[in-house]
Amino acid sequence: MIVVDNITKRFGGIRAVDGCSLQVAKGSITGLIGPNGAGKSTLFNIIAGLFAPDHGSVSLDGTDVTGWPAHRLFSQGLARTFQIAHEFGRMTVLENLMAVPSGQLGEHVASVWLNWRKVRAEERIIRERAEEVLAQLRIDHVKHELAGNLSGGQKKLVELARTMMWQPKVVLLDEIGAGVNRTLLAEIAGEIERLNRDFGYTFFVIEHDMDLIARLCSPVIVMAEGRVLTQGSMSDIRASADVIEAYLGGRKA
Ligand SMILES: Nc1ncnc2c1ncn2[C@@H]1O[C@H](COP(=O)(O)OP(=O)(O)OP(=O)(O)O)[C@@H](O)[C@H]1O
């Protein structure tokens, strides 16, 4: 689904990503781990179109998408979780989902006047889809709550829900477990597994919570110093001397 080929990204003198190549298989839940500063978020930002790489290429489902902007990647089926921004906290959960861009007619003022019936029909479809997603994630009971009033874990579910509005091919999850209690984390993990199993979504997951990675991800890719150190099952990774060195050897930890 995703092929990253020899990506390099520098910030001044720092090589945040340094000749990184990896693949995320269609239908997998692939994990990306590594010590702080390994380059994981920078690589995600490149894949999601927030930064252009200095070198190398990214392809999505067979199409070279290197340097494409985020909105174009989104319409090609690549979604990424984002924390609910302050302004969105004052909108309801349902409104948050309905605000996810879909290229709907209603965004264009001229077409609103010319095609108001179509616009109304599209709004109904968008609302129905939002309700369906909220029901799938079992958070439909808070749909009229302001997003800013939700618990930390419920906000994480809304972040996940927003990526699902337009049936993505692949979802990039950036530390979905951060600050979430164990019970809710198990619930979120269950939802991710269900979306993967029942709807065929591919997930690419950055996570510091090793239990969550062990439960969800196969394979697990380890990054260190801007490149892939190794990959394999979580038990292989846990046993790897290189990985233990990268985390505990004082190089970057
Ligand atoms: N916008 C930026 N400007 C300058 N340097 C940056 C920028 N973003 C990242 N870096 C640097 O690039 C390196 C890789 O950072 P990155 O955030 O990608 O690592 P990470 O593996 O996601 O770390 P963490 O697990 O701590 O989130 C670090 O040395 C960081 O300081």
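Which helices do the buried residues of H5 pack against? I looked this up in a predicted model, where local features need pLDDT of at least 70, side-chain atom pairs count only at pLDDT 80 or more, and totals for chains, interfaces and linings use all residues. Residues are numbered from 1 along each chain as its sequence is written.

**Entry: H5**

I found that the buried residues of H5 pack against helix H3 (93–98) and helix H6 (152–163). Helices (H or I, at least four residues) and strands (E, at least two) are DSSP runs, numbered from the N terminus. H5 spans residues 116–136, 21 residues in total. From first C-alpha to last I get 30 Å, close to the 30 Å expected at 1.5 Å a residue. The expected span is 1.5 Å times one less than the number of residues.

I then listed the buried residues of H5: Ala130, Val133 and Leu134. They lie on the same side of H5, because they cover an arc of only 95° around the axis. The arc is that of the directions from the helix axis to the C-beta atoms. A residue is buried if 20 or more other C-beta atoms, placed from the backbone, lie within 10 Å of its own, exposed if 12 or fewer, and partly exposed in between. On the other side of H5 I noted exposed residues, including Arg117, Arg120, Arg124 and Glu128. After H5 comes Arg138, with a positive phi near 55°.

**Entry: Leu94**

I placed Leu94 in helix H3. Leu94 counts as partly exposed because it has 18 C-beta neighbours inside 10 Å. Leaving aside neighbours within four places in sequence, I found Leu94 in contact with Ala130, Lys143 and His144. Contact means C-beta atoms, placed from the backbone, within 7 Å. Ala130 is also one of the buried residues of H5.

**Entry: ligand shell and H1**

Next I checked what surrounds the ligand. Among the residues there are Phe11, Ile14, Asn36, Lys40, Ser41 and Thr42. Strand S2 (14–24) and helix H1 (40–47) are the elements that give two or more residues to this shell. H1 gives the largest share, three residues.

By class I count four nonpolar, six polar and one charged. Ala, Val, Leu, Ile, Met, Phe, Trp, Tyr, Cys and Pro are nonpolar, Asp, Glu, Lys and Arg charged, and the others, Gly among them, polar.

H1 is largely enclosed by the rest of the structure, because six of its eight residues are buried. I list them as Lys40, Thr42, Leu43, Asn45, Ile46 and Ile47. Gly49 follows H1, with a positive phi near 85°.

Key. Near = placed C-beta within 6 Å. Contact = placed C-beta atoms within 7 Å.
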